Amino acid sequence: MARRRSKTEKPKISPEFSARLSSMRPRQKVRAIVLLKSDDSGKNKGRRQSPEERRAAIERMQKSTERTLSYIDSVLERHGGKRLDNRPSSVGAVTVRTTPAGIRALARSKRVKAIMEDQRTRLIR
């Protein structure tokens, strides 16, 4: 039975990415960037941080989100996927490669803030 989102809960996957996932074959793989929720409450929001404060905030973010990696790995393993980054980025994101079902399973997790398709970028001239 599908879990229903509460009215206050925001979708974690864009409608465009969700539509692409729906059109993919079940075993087809897609790369995505998974933004993880952190334990850090976002202290110092709204004011400019010193370089030392920024470094400390990045370290707190990485340590906080690293605790989620074993869970992410187990979800990916169940769906034939894998994590492509060794550790979370400074904003608590990891790149993954998995099936559409794997993306949806990650999106259901309370440990995941958002999921974006990892798309190629190019310079517009």
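Residues are classed here as buried when their relative accessible area is under 20%, as exposed when it is over 50%, and as partly exposed in between, with a 1.4 Å probe and protein chains only. By this criterion aspartate 73, with a relative accessible area of 26%, is partly exposed. The structure is a predicted model, in which local features need pLDDT of at least 70 and side-chain atom pairs count only at pLDDT 80 or more, while totals for chains, interfaces and linings use all residues. Residues are numbered from 1 along each chain as its sequence is written, and side-chain values use heavy atoms, with hydrogens and water left out.

The protein chain contains four helices and four strands; helices (H or I, at least four residues) and strands (E, at least two) are DSSP runs numbered from the N terminus. Along the sequence these elements follow the pattern α-β-α-α-β-β-α-β. Of the 125 residues in the chain, 32% are buried. Contacts are defined by heavy atoms within 4.5 Å. Among contacts between residues at least 6 apart in sequence, 69% join residues at least 24 apart. The accessible surface of the chain, about 9,200 Å², belongs to carbon and sulfur atoms for 49% of its extent; accessible areas come from the Shrake-Rupley method with a 1.4 Å probe, and for residues only the protein chains shown count as cover.

Helix H4 (residues 100-107) is largely enclosed by the rest of the structure, because six of its eight residues are buried. These are Pro100, Gly102, Ile103, Ala105, Leu106 and Ala107. The cover over the buried residues of H4 includes helices H1 (15-23) and H3 (69-78), together with strands S1 (30-36), S3 (93-98) and S4 (112-117).

In helix H2 (residues 51-66) is found glutamine 62, which counts as buried at 15% relative accessibility. Apart from neighbours within four places in sequence, glutamine 62 contacts Arg87, Pro88, Ser89 and Ser90. Helix H2 also holds glutamate 59 and lysine 63, four residues apart, or about one turn of the helix.

Side chains of opposite charge can pair when their charged atoms come close. A salt bridge is assigned when a side-chain nitrogen of Lys or Arg lies within 4 Å of a carboxyl oxygen of Asp or Glu. Five salt bridges are found in the whole structure. One of them joins glutamate 59 to lysine 63, with an N to O distance of 3.2 Å. Glutamate 59 is partly exposed at 45% relative accessibility, and lysine 63 is likewise partly exposed, at 48%.

Another salt bridge is formed by aspartate 73 and arginine 83, whose closest N and O atoms are 2.7 Å apart. This pair links distant parts of the chain, with aspartate 73 in helix H3 and arginine 83 in strand S2, ten residues apart. Arginine 83 is partly exposed, its relative accessible area being 22%.

Aspartate 118 and arginine 31 also form a salt bridge, in which the closest N and O atoms are 2.8 Å apart. Aspartate 118 is partly exposed at 25% relative accessibility, as is arginine 31 with a relative accessible area of 41%.

Aspartate 85 lies in the loop between S2 and S3 and is partly exposed, with a relative accessible area of 26%. Beyond residues up to four places away in sequence, aspartate 85 touches Ala93, Val94 and Thr95. The C-alpha atoms of aspartate 85 and threonine 95 are 5.9 Å apart, the two residues being ten apart in sequence.

Arginine 20, in helix H1, is partly exposed with a relative accessible area of 34%. When neighbours within four places in sequence are set aside, arginine 20 is in contact with Glu117 and Gln119. Between the C-alpha atoms of arginine 20 and valine 30, ten residues apart along the chain, the separation is 9.8 Å.
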